Amino acid sequence: MDQLNLIQSRLERPLSEMNAIIHQSLFTENELMNQVVTTYLRVKGKQIRPIMVILSAALFGNVNEHVLHAGAALEMLHNASLIHDDVVDETSLRRGKATINAIWGNHIAVLVGDYFVSNALSAGIQTNNIEIISALSELGKELSLGEIHQICNARDHHFDEESYLTMIRKKTASLFMNCVKMGAEAAGATHAQYAPLIAFAELLGLCFQIKDDIFDYSENTEIGKPTGNDLREGKVTLPLLYALSSAPEEEALKMKDLLRRGNLDNEEINILIDFAKRNGGIEYAYSRMREMEREGAEILSVYPDSEWKQSFLDLFSYIISRHK
């Protein structure tokens, strides 16, 4: 049993109850909407984000109905962003299955994504906590801004690590930070109590995106996207950024010229991937993640030892070592 499965087994009951809330929230008398939603929900992801909501509440000793609604709200909002991303990126497969836009077209997919957003807000209201509702609202803005920031980075050809970290902080880490905030709020914890957990979640979210980006340099067929897909979209991520800063200047300039030209073919993609690997980009990305893991463990040391604290540490380790 891997670390994620172990955590899921510890949270089996609340996760099951949370998923029941999601199904109930999304049920409608419209036959087409039910068909689309049912098909989509048949393949659940890892549910790392709602797991973090519940773990946060468990850390403060109070997994209640409001926590489950907060987790359901966040999971539906996250899935809405994935549905919309699939439309924007013209993705035909997610988690090994055909996407909504591939089966029913972009029009239906956008409407279903909007439907998920509306139900996420409805579930958030069920918590009766304005901080949670506010967090959902802010999160929607951060996710959108993160995507726009990524597009700007690609168009403006920013080749520095700071710009990259700013972008993934908005795009991914903000979601992880709001997970623990919502769980802690629903459990009745104060801001002072959960502030360290938010700092931990930020590092966890950054690592999640860095590992996702490493997959772009891999031939692993389990990932669900082709090798070099990010580069085809003009996204320059941490392994290549490090290589550009550490390689001999002449070679780095050639690679930057290639990236600025855009519309890369498969041969050019492979040249960039090989360049990143030869110049230590993958190793550097892993070293940055391990550094963040150590910093995260130090942050969590303020909390008493418990299976929930250990679960957060295990989750960090899992995210760095995962294969898909």
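1. Helix α16 is mostly covered, with 11 of its 15 residues buried; buried means under 20% relative accessible area, exposed means over 50%, and partly exposed lies in between, using a 1.4 Å probe and protein chains only. The buried residues of α16 include Trp308, Phe312, Leu315, Phe316 and Ile319. Helices here are DSSP runs of H or I with at least four residues, and strands are runs of E with at least two, numbered from the N terminus.

2. This is a predicted model, in which local features need pLDDT of at least 70 and side-chain atom pairs count only at pLDDT 80 or more, while totals for chains, interfaces and linings use all residues. Residues are numbered from 1 along each chain as its sequence is written, and side-chain values use heavy atoms, leaving out hydrogens and water.

3. What covers the buried residues of α16? Part of the cover comes from α1 (3-10), α4, α9, α10 (191-214) and α15 (281-300); contact means heavy atoms within 4.5 Å. The length of α16 (residues 307-321) can also be checked: its 15 residues should span 21 Å at 1.5 Å a residue, and the end C-alpha atoms are 20 Å apart, which agrees. The expected span is 1.5 Å times one less than the number of residues.

4. The largest nonpolar core has 106 residues. Such a core is a set of buried Ala, Val, Leu, Ile, Met, Phe, Trp, Tyr and Cys residues joined through side-chain atoms within 4.5 Å. Helix α9 (residues 161-187) gives the largest share of this core, 13 residues. Met52, Phe116, Phe176, Ile210, Leu240 and Leu315 are the residues with the most contacts inside the core. In soluble globular proteins, nonpolar side chains tend to be buried together.

5. Leaving out residues up to four places away in sequence, Leu240 touches Tyr217, Leu231, Leu259, Leu272, Phe275 and Ala276. Ala247 sits in the loop between α12 (238-246) and α13 (249-261).

6. Arg49 belongs to helix α4 (residues 48-59). Arg49 is buried but has no salt bridge; a salt bridge is a side-chain nitrogen of Lys or Arg within 4 Å of a carboxyl oxygen of Asp or Glu. Which side chain of opposite charge is nearest to Arg49? That side chain is Glu75, 5.8 Å away; Lys and Arg count as positive and Asp and Glu as negative, with His and the chain ends not counted. Beyond four places in sequence, Arg49 touches Leu74, His78, Leu175, Phe176, Cys179 and Phe208.

7. Gln47, in the loop between α3 (31-41) and α4, has a positive phi near 55°. Asn128, in the loop between α7 (106-125) and α8 (130-156), has a positive phi near 60°. Gln47 counts as buried because its relative accessibility is 9%, whereas Asn128 counts as exposed at 66%.

8. How many salt bridges does a search of the whole structure find? The search finds 15. In one of them, Arg322 pairs with Asp212, and the closest N and O atoms are 3.1 Å apart. This pair links distant parts of the chain, with Arg322 in the segment after α16 and Asp212 in helix α10, 110 residues apart. Arg322 is buried at 5% relative accessibility, while Asp212 is partly exposed at 24%.

9. Arg94 and Asp86 form another salt bridge, with closest N and O atoms 2.8 Å apart. Arg94 is partly exposed at 26% relative accessibility, and Asp86 is buried at 4%. Arg261 and Glu268 also form a salt bridge, with 2.8 Å between the closest N and O atoms. Here Arg261 is exposed at 52% and Glu268 is buried at 15%. Elsewhere, salt bridges that share partners join Glu161, Arg288 and Glu291 into one network.
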